[in-house]
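Let's take a friendly walk through this model, starting at one residue and ending at an interface. Have your viewer ready.

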Number of protein chains: 4
Amino acid sequence: MSDELFAAVVAHTAVRGQTDDAAVVAAILRVESALADAQGQVGDLDDAAVAAVREACEAADVDLDELARGTALGGNPVIPLVNELKSLAGSHAGAVHRGATSQDVLDTALMLMSRDSIGTITADVGRAVTSVGDLATDDHTVMGRTLMQSALPLPLATKVDGWRRGLADVSSRLSDVAVGLPVQLGGPVGDGSTLGERYEDVRARFADALGLADAPSWHTMRLPVADLAAGLATASGVIGKIALDVVLLAQAEVAEVREVSSDRGGSSSMPHKSNPIAAISARASARRAPHLAAHLFAQMEQEHERAAGAWHAEWSVLVDLLRATGSAAWWLAESLTSLEIDPEALERHQ
Amino acid sequence: MSDELFAAVVAHTAVRGQTDDAAVVAAILRVESALADAQGQVGDLDDAAVAAVREACEAADVDLDELARGTALGGNPVIPLVNELKSLAGSHAGAVHRGATSQDVLDTALMLMSRDSIGTITADVGRAVTSVGDLATDDHTVMGRTLMQSALPLPLATKVDGWRRGLADVSSRLSDVAVGLPVQLGGPVGDGSTLGERYEDVRARFADALGLADAPSWHTMRLPVADLAAGLATASGVIGKIALDVVLLAQAEVAEVREVSSDRGGSSSMPHKSNPIAAISARASARRAPHLAAHLFAQMEQEHERAAGAWHAEWSVLVDLLRATGSAAWWLAESLTSLEIDPEALERHQ
Amino acid sequence: MSDELFAAVVAHTAVRGQTDDAAVVAAILRVESALADAQGQVGDLDDAAVAAVREACEAADVDLDELARGTALGGNPVIPLVNELKSLAGSHAGAVHRGATSQDVLDTALMLMSRDSIGTITADVGRAVTSVGDLATDDHTVMGRTLMQSALPLPLATKVDGWRRGLADVSSRLSDVAVGLPVQLGGPVGDGSTLGERYEDVRARFADALGLADAPSWHTMRLPVADLAAGLATASGVIGKIALDVVLLAQAEVAEVREVSSDRGGSSSMPHKSNPIAAISARASARRAPHLAAHLFAQMEQEHERAAGAWHAEWSVLVDLLRATGSAAWWLAESLTSLEIDPEALERHQ
Amino acid sequence: MSDELFAAVVAHTAVRGQTDDAAVVAAILRVESALADAQGQVGDLDDAAVAAVREACEAADVDLDELARGTALGGNPVIPLVNELKSLAGSHAGAVHRGATSQDVLDTALMLMSRDSIGTITADVGRAVTSVGDLATDDHTVMGRTLMQSALPLPLATKVDGWRRGLADVSSRLSDVAVGLPVQLGGPVGDGSTLGERYEDVRARFADALGLADAPSWHTMRLPVADLAAGLATASGVIGKIALDVVLLAQAEVAEVREVSSDRGGSSSMPHKSNPIAAISARASARRAPHLAAHLFAQMEQEHERAAGAWHAEWSVLVDLLRATGSAAWWLAESLTSLEIDPEALERHQ
């Protein structure tokens, strides 16, 4: 079952490959392995046990259809995957997932996937920043427009510098969010009691191994998810603003910019048209963000030690939000890179 | 690239198969074929041309990866697919997609997919209604609870009859929405001018062939999408309310109901637990709806004759909303079918 | 404490006066009086008791500040208001609010306020429809624009007829919603048991007296609120689309229409500007709707017989949604009434 | 026209007085005065002119009804207010609002109001933190609950320490947001050209006088509004989680805590009930936040130098979000302060 067609427009980003089923499985396996490693480092597991877990994680040959069936029955993908790891670990089964709860593993896996996705997004935002820099070099003047009416002219470099500042801010915010993303490790009720006396030490080493921040359990105190929601919705908002400006400047009656591309934006029925498809796709992608973020904020109301539904309702929406923002960034970079300015049109409107 | 794992919880429904890439392609081909048929009926195309289009639609052997690439370049999947049909139709290429615009075809295809998906959803809602009926047969009394405090007892049959009425209303609303879903046919600027003098006759026959309602072009007046958003969000709201009641009644300290299932809801780390996984998954699925619906309402602000982004931003969200509601309905039916009542617990709380 | 300034732009409608504190109190008093009347008609109250309740409702001289304090303490405004009515009714205190619960009264009051507000909204939509009709009389042609690029010309009458159809649909939908709005009457746990043997008869007469539909209790099955959310968000969506078209047509570089008003839209710093303030305000008002509707859909997940928070979270958002939609309708009517077309500009862009 | 009744539940906070009409007018006057001061400091205005502006701001005797009418005609409240100031300033009229645009003034005023409101919110969050500390002192154990089923016991101090950490994080985030809130000053098209050669110096002094951050114009790059949306929605999410826990612990069948208050939470029809009204009101208030935040994120897509609707659509929603979060914080502090623990109930459920 595939969803490539609509994704080609509103999820057009390498983030897809960083958040699909294969990425989920890989992240879960990486987390289980890192947990055993950390427990080995503090002496909670002996070397043979750690090696057995690591090998099980490497050997796991996951049948995605079967894993999906197990996910539906158990309520999350970690439960069936741990069962498989235990059977692979043989006599060391008890060392697999030791003291942890499935939410520990899935939350940590989602943080890894989010961090990697943000890397992709900020790289595309960086491409966009570079392209804006190129637009700012010439000495053009553009009509300033307020409430869609002509106001006063301003330097084009000043206008696009506003775009650049917005993108740079977004980049720095997203990087801050990525750096703060924590591991999740607390056991069934989040207090670490099943993880033994060396719980905090294990957690610190686990975080260190994965390159995530160390933090007490946040099973139902979803600040890291809120930070992702906020950072990604903000990024999409900035991208959407710039994409809208490009679409408006490219309007037939304004025509101060156009996207120049040998292969994009044709209309089969109307060959005279040239649609700024990249800016339009950036805008369409960015528009998904506010509602996905609202969903994540609304899921913060989680019951007691682990939620009865609100946690499950986060997963695919977080993934969609990473993809939507990634797609917006990718398309905006494409648009700005291909943008051609018409100095005569700029002149005519002053 | 697959997204089966998280879908196993929050998109657990046959609607997925009715809305994936293969379903999109099949619906587009059906629409193109029906258009040529309708144009043949009124004499705009001769029999050979109609046959050529029909055969091209049947013969089309779509490479989804390539189609996805073409979608990204053109801005929607119809443009590359029409190109393929034209090349298959050979000398009758001009009969393919005659007078239509790509939004005509994709909107109509989405209406077909929505109608079929609603059929699945109402069938699962019907299963839930039947199960509620079974719960209402015995002569139990349940404590009525307001603001989560004990209020006054009421017949359990009265309580669950409120669930049944809600589900029945939802079913009838969704059926009304499905019946009203219209074809889209208007040509590039929606006025039908490229579809010739017999435009309205063609449109009526096109609608008739597809079993959709006939209506003037709604390229940027998105009432059918708003109707879907409203009907599906309402349905999810009702389902979420019932699922919440089940989760609350199944709480450890209440324990008046439990989901009895041989294979669902176990906890690997805590064998004494029995989680009402179906109700929890129904709730998680239903919670996606309000925000997806808000997104669709927010996209109603579309420019002139066709929108620069807001239309593109609808597609996958409409699909997600159909799937989320379908998943909520499926899980609720599972939950209610497996529900076992504990008469002693009911008694104890009065 | 007043909020008139921002309301002057995004809540500019007579709906405000139909939904403010005075309107809430008046509606509650009307509901309490109608309930006693209905109970008198079936013989549950004698004439003296009915008269005493009616007189208490007429005599009630509510101090809003004190009522607000009582509302905060009790959790809703009905509790303190009923206390005052009971003290006014003296020996007939027992006849006040007999068998009812505070949610019965507040829900019914909100349905009355919603119905009246929809009357205002559809009247303003009607004004807009009339103005669109005036725009359609001349024989102009306008450039059709897709993805903000020039596509093909079409008759201006056809373009604006799309607006008219959207507005007419909205009007008919809102009227349908208004007609279906039901009373709420069920007593503490919604089963009518505290309302006696003639409960259903009382409910029918209560509904009849208030001109609302009769329906079983919907304390936690919020379909009427969902219908309002859907109808109002759809209406705002249609209005927002038309307002956007006006704003785009009024752009400096297009200038095919402008709002002509002796007093609106000036800019103190830039006297050469003429902003289409009415269309802009319509758009700003309409944009509030999707998110307010999402909130109401999200509150449908209500616990057992009465919700612990989700019901309280509905009230002011429903009011805001009525006002936002009312404001959008009012401003759109203003805009369309003042719209002047520039035939030369229409010509120039073809 | 007043809206006190529903506000008594979901906007129960001193933030109301910091964001009503009087507060808007006061903030606008403060901003105009600070601007003249800053221009005086750099020598753009002479002392007499600065004094005249300051006196006009002090003397302004605003008729709110008339100002609301002017707001509707001009599109924002600054335009009519500046007209009044100019007439009060007599021969120094030219010194009023010199080089500024109305959005400069209203945005800066909203940042002042937001900063002051955050002060109120964090104070109430601080009260809640203190109360949580009191709950954590005894040596109780509580059943840990996952998916609403009993899991394993944990120390109550550990459970409530999770609440405390969440609140402390929220407090620090909100303070960071407040510190970063910038002035807005850029003139009609945001480039500062109308503010003269000493524009950046004026802006820095203007920021300094108001205690806001200095930043280039962000008329259509709405990062400060996004930061407020993110911070406030996150705060409401944390508060809502804790309020939900309280409501669940206070359930009749759990009864491990209850709100003890001499005057709150009674039920006129059911004297045996004791509703945790403060926690319920906190939850109802907090639930408004995600959708208000989504609205603000969605308005980031603003046109060119100043938006045609999206800016206007921000004002009252930002105010509502400040109030909703303030109300959630106030009620949570009330709830936690009044919370009584039942050690026997805690014991019984293990």
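This is a predicted model: local features need pLDDT of at least 70, side-chain atom pairs count only at pLDDT 80 or more; totals for chains, interfaces and linings use all residues.

Residues are numbered from 1 along each chain as its sequence is written, chains are lettered from A and ligands numbered from 1 in the order in which they are written, and side-chain values use heavy atoms, leaving out hydrogens and water.

Start at Arg222(B), in the loop between α9 (199-210) and α10 (223-249) of chain B; helices here are DSSP runs of H or I with at least four residues, strands runs of E with at least two, numbered from the N terminus. Arg222(B) is buried, at 1% relative accessible area (buried means under 20%, with a 1.4 Å probe and protein chains only). Its side chain reaches the backbone oxygen of Trp218(B) at 3.3 Å, and a polar atom of that side chain lies 3.1 Å from the backbone oxygen of His219(B). Beyond neighbours within four places in sequence, Arg222(B) is in contact with residues including Asp107(B) and Glu314(B), contact meaning heavy atoms within 4.5 Å.

Now turn to chain C: 58 residues of chain B are in contact with 58 of chain C. Met221(B), Glu301(B) and His304(B) supply 16% of the area that chain B buries against chain C, buried area being the accessible area (1.4 Å probe) that two parts lose on being put together, summed over both. One salt bridge joins Glu305(B) to Lys159(C), with the closest N and O atoms 3.2 Å apart; the term asks for a side-chain nitrogen of Lys or Arg within 4 Å of a carboxyl oxygen of Asp or Glu. On the side of chain B that touches chain C, α10(B) gives the largest share, 15 residues.

Notes. Buried means under 20% relative accessible area, exposed over 50%, partly exposed in between (1.4 Å probe, protein chains only). A polar contact is a pair of N or O atoms within 3.5 Å; within protein, one must be able to donate a hydrogen and the other to accept it, and residues adjacent in sequence count only if both atoms are side-chain atoms.
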